[in-house]
Structure formats: C-alpha cells, structure tokens
Amino acid sequence: MNGRARGLRNLRAVLAPVAAGMCVMAAAAAVLVPALGRAEGHGRPGGASSPSATHRAYGPDSAPAAPAAAACTPEHAAASLRPSSDEGPAVARIKEKGQLVVGVDQNTYRWGYRNPATGKLEGFDIDLARAIAADILGPDAKVVFKAVPTNQRIPALQKRAVDMVVRTMTINCARKRQVAFSTSYFQAGQQVLAPKTSTVKAFDGSLRGKRVCTAAGSTGESELAAQRHGARVLTVPNQLDCLVRLQLGQADAVVTDNALAAAQAAQDPTVELKGKPFTDESYGVAMNKDDTDLVRRVNKVLDDYRGDGSPGSPWMRAYRTWLRADMPGISGPPSPEYSD
C-alpha cells in the first residue's frame, strides 16, 4: 500500500463516525438539523425559547442603540466592540433558551472534529465555544453544536439558526458588512498545500495548468478569484473535501488557511505546505449584526481566555493541546483591537 493510499485510509477512519451518523452519548441530546448538519447537546436540558426574552434586561426605552458602524479598512478589519459583561437582549435570549447554539465544523482536525474513538466533538474551536457558554450560562452550560458548511456560516447567522459561529472564520470587511465579529482569537494566513512530490512551489506561476481546490465561500476562493496564476479552480462545500480530492488525484493543490493546511498535513504525511503564507487571516467568533451585546460579552470572555499570554492561560493550554504539534513556535494569542 503506497503513502497516498495509507493517507486515504486514515482519513476515512477519521470520517467514518461522521458518515455513520451521530454517536449516542450519555448526558447528551442529539438533534438532526437537515439544513445545517448535526447538533450535539451537552449538560442540563434547556428551556424553550421565548420571544419575550428579547427585552428582559432592557425596556423599550432603555435598550442601548447599536454604535454607528465605522468604515472598515483591511488593516483594521479585526477591530471589534469593547468588552462588557452587561446583559442585553441577545444574552438574555440565550439565557431564556437555557442553551447556546454554536455553528462549528466537525471534520477539521485539531480545530473542530469528531473524535472517532469517543464520538465527541473536540478541538481548539470547540474548547473556545464551551468557554463562552460557561461564561453566559454557568459551569453546567448546555451547548448545542450544529455542523455548518463553510458557505453556510453567514446565512446561518442571518437566519438565527445559530447564536454564533466558532469555525476558523476569517474576519474581513466583506463579511463584516453581513455579520458581526469578536476580536481576533487566532492569526493565520493563506497557503498552498500539495503532495510532497508536486512541482507546485507556492502561490505563484507553478500553479499554472494545475487543478486547485478551495472551499466555496472561503477567503481562499476570494484570493484565487483575484489571482489564479493560470490554475483551474475547483470549489467544494468543506475544506476537508479538498484533501480528499487531492488524495484521489482529482486536484493537484489546495489553497486554504495555513492553520487548516497544517492539520491536513498531520492527517496525510504525503502532503506538505508549499511556499509561505501570502495573506494575514484573523479568526473571530461571528454573530448576527444586531447582537452587539453578545459581541461585547464574547470579547469579555476572550480577554479572560487570552489572559496575559502566560503558559497557564486558557488560550495557551488550548494551543498546547491542539495546535503546537503542527504549528510550533507560537508564543501567544493575537492582541485585541477595538473600534470604540
């Protein structure tokens, strides 16, 4: 069995529980969500949502107005609202429901993936989502995870199918016109992934005539639309589908965030990152644009999560657990930037 075949076999082992369906776990309630994917609940049962919860903390006359939107510039796209623990309409709505509904990935190794041995969702993003839920709902918080494809993250927020998306989502001006973001919780960059034996060298002319795969709705797709380097672009719903295309010989290279590419290289030792990152990608927690109080609350959680960047901070513990093996040398989280 050659290296490419071994990589495919390993990948199928990781994905097998996903294809088989939701594993049934003690103290967890599972709900199938056809439009978005699967959901997983943890902790105590939550109450039903109530439309009247919208103004639990603020009366109609005292509800704070949303701040005027500042013009977004690429160099300050990651700026967000200052942190606050005040309870507004969005936070009150989540408390009334008794659960936090989070859009996540369930097949991106190290970030949000279903452990084939336990059937549980794990990863850097999953840890962060649980920390946010614990701050809003307490230590026994119920979290419902919904699997959301890359190109459905923004529609899911706009339709309020989820309260937030924690899914390696890059903050940029185009997206900020549609949804709101927290401050940055991780810094990455677009990079090329290809077989070790490939003639592809980087995001440059070596892509000419090659089939390059990226996820629909991703920043990789935007970069390829701006400059293809003579490549034929293939789009898929989820980034991991690109690795499968690569393994099956249906694609020659992948363009994605280097954080995701490093995780894919960890799954398949026959591929590697090529060249250097050619963009700056700040990951943020995404929310509905109207939920300004929730944005501030999440930014407060992120302040606590980053701590002072010391080895004992929650962020650094999560980094050591999930990312350091594939992305060594990161000394701490990105510093927050605020717009007000």
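A: Cys213 and Cys242 are joined by a disulfide, with an S to S distance of 2.1 Å. The model is predicted, and this value is computed from it. The link of Cys213 and Cys242 is left-handed, with -80 degrees about the S-S bond. Where do its two ends sit? Cys213 is in strand β11, residues 211-215, and Cys242 is in helix α7, residues 239-247, so the pair ties together parts that are 29 residues apart in sequence. Both ends are out of the way of the surface count: Cys213 is buried, and Cys242 is buried too.

How many disulfides does a search of the whole structure find? It finds two. The other one joins Cys72 to Cys173, with S to S at 2.1 Å. The link of Cys72 and Cys173 is left-handed, at -80 degrees about the S-S bond. Cys72 lies in the loop between β2 (37-42) and α2 (89-97), while Cys173 lies in helix α5 (residues 173-176), so this pair ties together parts that are 101 residues apart in sequence.

Cys173 counts as buried, at 14% relative accessibility. The cut-off for buried is under 20% relative accessible area.

Last comes the order of the pairing. Number the bonded cysteines of the protein chain in sequence order, and the pairing reads 1-2, 3-4.

Methods:
Residues numbered from 1 in each chain as written. Predicted model: local features only at pLDDT ≥ 70, side-chain atom pairs only at ≥ 80, totals over all residues. Heavy atoms only, no water. Disulfide = S-S within 2.5 Å. Helix = DSSP H or I, 4+ residues; strand = E, 2+ residues; numbered from the N terminus. Buried < 20%, exposed > 50% of the residue type's maximum accessible area, 1.4 Å probe, protein only.
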